[in-house]
Amino acid sequence: MNQPNPYQDGGDYQWGPAEPPGAPEYGHGFAPAPLAHPGGHGVPLLAVGDIVVLQDSIVTPNGTLPLKGAVWNVTDMSRTEERIPTVGVVLAVVFAVLCLLGLLFLLMKERRTTGCIQVGVTSGGRHHTTLIPATGPDTLYWVMDRINHARALSA
């Protein structure tokens with residue numbers, strides 16, 4: 001590392017791989033995925049994960065699906081665990097020696113929800129699935145409310 005940088009004058013050094021001839025610059029020239037329907041009906045009615053329901057179609061990263069006749073599936077892959085926190089155990093041991101009321105600290109409970117909720121939609125011979133992280137026990141009810149609304153629109 002004692003040697004000077006030979007490219008500090010702006011020489012021929014280029015970081016990263018060379019671009020193929022005739023290709024656009026890296027990161028440019030690619031159109032972003034459209035959030036609106038090409039037909040102009042781009043008013044989103046609801047969104048669940050990366051699935052957006054419009055007035056007459058469903059937009060996913062895999063393409064646009066027709067809304068009429070869509071079949072929606074929800075799978076709950078989350079779980080809620082309940083345990084006694086470490087603080088409750090330590091306080092119960094300390095106060096059990098001093099007085100018997102320390103055992104009340106064992107009644108402390110901590111709830112933690114992990115996992116995700118899988119939402120799938122099938123329409124027009126195509127299928128798309130997305131995962132929504134479960135942040136609490138009420139996440140499933142929020143997702144089911146949205147999917148029931150999407151099912152009513154699909155009918």
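## Basis of the model

Because the structure is predicted, local features need pLDDT of at least 70 and side-chain atom pairs count only at pLDDT 80 or more, whereas totals for chains, interfaces and linings use all residues. Residues are numbered from 1 along each chain as its sequence is written, and side-chain values use heavy atoms, with hydrogens and water left out.

An open sheet of 4 strands is present, with the order 1-2-3-4 and antiparallel pairing; strands here are DSSP E runs of at least two residues and helices are H or I runs of at least four, numbered from the N terminus, and two strands pair if DSSP finds at least two bridges between them. Strand 1 (46-48) and strand 4 (63-66) each have a single partner strand and stand at the edges, so one side of each has no neighbour in the sheet. From one strand to the next the twist averages 20°. Helix 2 (residues 139-154) packs on this sheet, where it touches strand 1 and strand 2 (51-53), and its direction makes about 125° with that of strand 1. Axes are lines fitted to C-alpha atoms, for helices over the stretch in contact, and angles run from 0 to 180 degrees between N-to-C directions.

Strand 3 (residues 57-60) and strand 4 run antiparallel and are joined by 4 bridges, and a hairpin connects the two through 2 residues. Within this pairing, V59 stands opposite T64, while I58 has L65 as its bridge partner.

D50 is found in the loop between strand 1 and strand 2. Its relative accessibility of 33% makes D50 partly exposed, a class lying between buried (under 20% relative accessible area) and exposed (over 50%), computed with a 1.4 Å probe on protein chains only. Leaving aside residues up to four places away in sequence, D50 touches V59, T60, P61, H128 and T130, where contact means heavy atoms within 4.5 Å. The side chain of D50 makes a polar contact of 3.1 Å with that of H128 and another of 3.0 Å with the side chain of T130. A polar contact is a pair of N or O atoms within 3.5 Å; within protein, one must be able to donate a hydrogen and the other to accept it, and residues adjacent in sequence count only if both atoms are side-chain atoms.

T60 lies in strand 3 and is buried, with a relative accessible area of 8%. A polar atom of the T60 side chain lies 2.8 Å from the backbone oxygen of G63. Not counting residues up to four places away in sequence, T60 touches D50, I51, L65 and H128.

## The nonpolar core

The largest nonpolar core has 16 residues, and those with the most contacts inside it are I58, W72, V119 and V121. Such a core is a set of buried Ala, Val, Leu, Ile, Met, Phe, Trp, Tyr and Cys residues joined through side-chain atoms within 4.5 Å. Strand 1, strand 2, strand 6 (110-123) and helix 2 each supply at least two residues of this core. Among the residues that V119 touches are V48, I51, W72, H128, T130, V143 and I147.

## An annotated segment

An unreviewed UniProt entry places the feature "transmembrane region" at residues 84-107; UniProt positions follow the numbering used here, feature names are shortened, and annotations may be inferred rather than shown by experiment. In the model, this span is 54% helix and 0% strand, and its end C-alpha atoms lie 7 Å apart.
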